[in-house]
Amino acid sequence: MAMPFLDLRHFLEYLDTRGELLRINKPVDVKYEIAAYIRKTCDTGGPALLFEKVKGFDCPVVGGVFATRKRVLDCLGMSEADYALKFHDALNSLVSPRLVNSAPCKEVIYKGDEVDLRKLPVPIFSEKDSGPFITLGIVRSQDVTTGRKNTAIYRMEIKGKNRLGILSQDLFLQLQRAEAKNEALPVVITIGTGPVIPIASQWKAPFGIDELELAGALQGKPVETVRAESVDLDFPASAEIVIEGSVLPHQREVEGPFGEVSGYYTPASPKPVIEVVAITHRKTPLFQVALTGKPPTENHFIKQIPLEATFYWELRNRFPGVKAVHFPTSGAVGYLAIIAMQKNHEYEARNLIATMFGSLRNKFIIVVDEDVNIRDIDEVLWAVSTRCRPAEDVILFPRLSGSALDPSAQEPGASTGLGIDATRPRKEAFPDVVRIPGEDQVTLDVPARGGDTK
Ligand SMILES: Cc1cc2nc3c(=O)[nH]c(=O)nc-3n(C[C@H](O)[C@H](O)[C@H](O)COP(=O)(O)O)c2cc1C
Ligand SMILES: [Mn+2]
């Protein structure tokens with residue numbers, strides 16, 4: 001049985017044995033060149049990329065690890081057939097992290113004046129980005145009032161030797177609570193952790209629930225954490241590189257623009273600032289990056305499996321007929337949800353749509369019957385075209401709170417929900433789908449031609 005990988009290096013070794021790790025020996029530039037390579041591998045379903053020589057830096061860069069949906073499943077030790085149920089079980093039995101005493105990411109320690117973020121090979125990704133961004137930093141923080149921890153990926157712009165800008169969600173709520181007490185918010189940023197951790201961090205867990213507990217459950221083993229050097233926090237011990245510091249209270253500095261997950265730039269705007277007080281790393285660390293931009297990118301594939309699985313779990317609790325959930329990359333993994341369900345009541349698909357309007361993934365929701373393959377957009381559009389009566393089955397819900405990054409939003413973070421019920425009515429007779437007896441048994445064995453070796 002496939003096992004989840006607990007460490008990035010082991011996963012890279014595994015990819016190597018499968019011909020899915022390309023070592024790039026030619027010196028590459030952090031400005032655009034690394035991103036261009038990852039763009040190519042995302043567009044072609046290509047290998048993970050190890051940039052062995054980065055111009056001006058000692059530290060190699062790894063990117064494209066999550067450039068395909070299949071690799072995300074592989075690092076979890078899961079398959080298309082079992083991931084939804086495995087997440088379902090994990091979400092029902094979270095596993096707390098386990099503190100250990102030491103970790104290789106403490107082999108080299110820089111503190112105070114020795115700290116210099118500019119020594120890290122942080123790429124500049126897209127043409128109009130305002131500077132280098134850490135795109136695969138796992139940010140861990142703790143609420144000052146409840147003591148509850150949070151783990152998520154947030155983009156961070158390098159703003160000097162010890163300053164970072166940050167765009168965040170739950171962490172921003174924690175910051176506001178710290179600011180109410182005029183306190184800074186300590187954070188630890190880890191780069192190059194075991195691959196299950198970035199995936200688990202995409203669960204939009206209720207505020208106050210630590211996403212590392214899902215990582216532990218998915219791994220079937222607690223995530224090992226170690227104490228930070230300079231702040232009172234623990235963080236994943238598997239990290240390659242660790243950045244410790246605090247979000248400064250009541251300080252905002254302009255951050256951005258940045259080429260985002262929607263496929264468009266988000267404009268510059270004032271954002272919170274992290275002051276870095278320590279950097280630690282392994283003796284020969286790897287700097288891991290993830291491409292963000294027009295779909296499909298790593299950003300989309302990192303989110304896709306955990307979003308589908310966590311929504312499946314949540315929706316199943318209310319609607320036992322839900323069979324599968326898909327967030328296509330064309331919808332930037334969040335703006336378009338397709339759900340297959342077996343209705344137990346005539347209008348249940350509409351209740352399901354109403355529930356989705358209540359989530360943050362509420363822009364376009366298509367509900368189809370369980371006979372439709374929701375991973376096949378053509379089949380979904382066939383169901384919409386033939387099973388939906390627009391006047392009755394299309395539901396608009398204006399002025400919802402939604403994605404902060406949707407370029408079409410009338411105001412930032414505002415959304416109009418559109419639900420399409422493309423399920424057949426239960427009570428009325430609906431024509432049968434055309435089928436030919438024996439169609440599944442036919443195989444077309446095209447005779448091999450001369451010269452073909454396969
Ligand atoms: C590569 C990558 C980059 C991301 N960058 C950001 C970001 O800059 N800001 C943000 O709020 N969310 C970002 N996300 C999404 C969050 O990590 C995700 O929504 C997470 O569930 C938020 O956790 P939270 O609810 O604890 O804040 C990113 C996701 C990925 C995969
Ligand atoms: Mn959270």
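Okay, let's start with a word I'll need: contact means heavy atoms within 4.5 Å. Quick ground rules. This is a predicted model, where local features need pLDDT of at least 70 and side-chain atom pairs count only at pLDDT 80 or more, while totals for chains, interfaces and linings use all residues. Residues are numbered from 1 along each chain as its sequence is written, chains are lettered from A and ligands numbered from 1 in the order in which they are written, and side-chain values use heavy atoms, with hydrogens and water left out.

So, aspartate 406. You'll find it in the loop between strand E22 (394-401) and strand E23 (414-422); strands (E, at least two residues) and helices (H or I, at least four) are DSSP runs, numbered from the N terminus. Aspartate 406 is buried, at 11% relative accessible area. Buried means under 20%, exposed over 50%, partly exposed in between, with a 1.4 Å probe and protein chains only.

What does aspartate 406 touch, leaving aside its neighbours within four places in sequence? Tyr335 and Lys363. With lysine 363, there's a side-chain polar contact of 2.9 Å, that is, a pair of N or O atoms within 3.5 Å; within protein, one must be able to donate a hydrogen and the other to accept it, and residues adjacent in sequence count only if both atoms are side-chain atoms.

Next, helix H3, residues 69-76. Seven of its eight residues are buried, so H3 is largely enclosed by the rest of the structure. Among the buried ones are Arg69, Asp74 and Cys75. Just after H3, glycine 77 has a positive phi of about 70 degrees.
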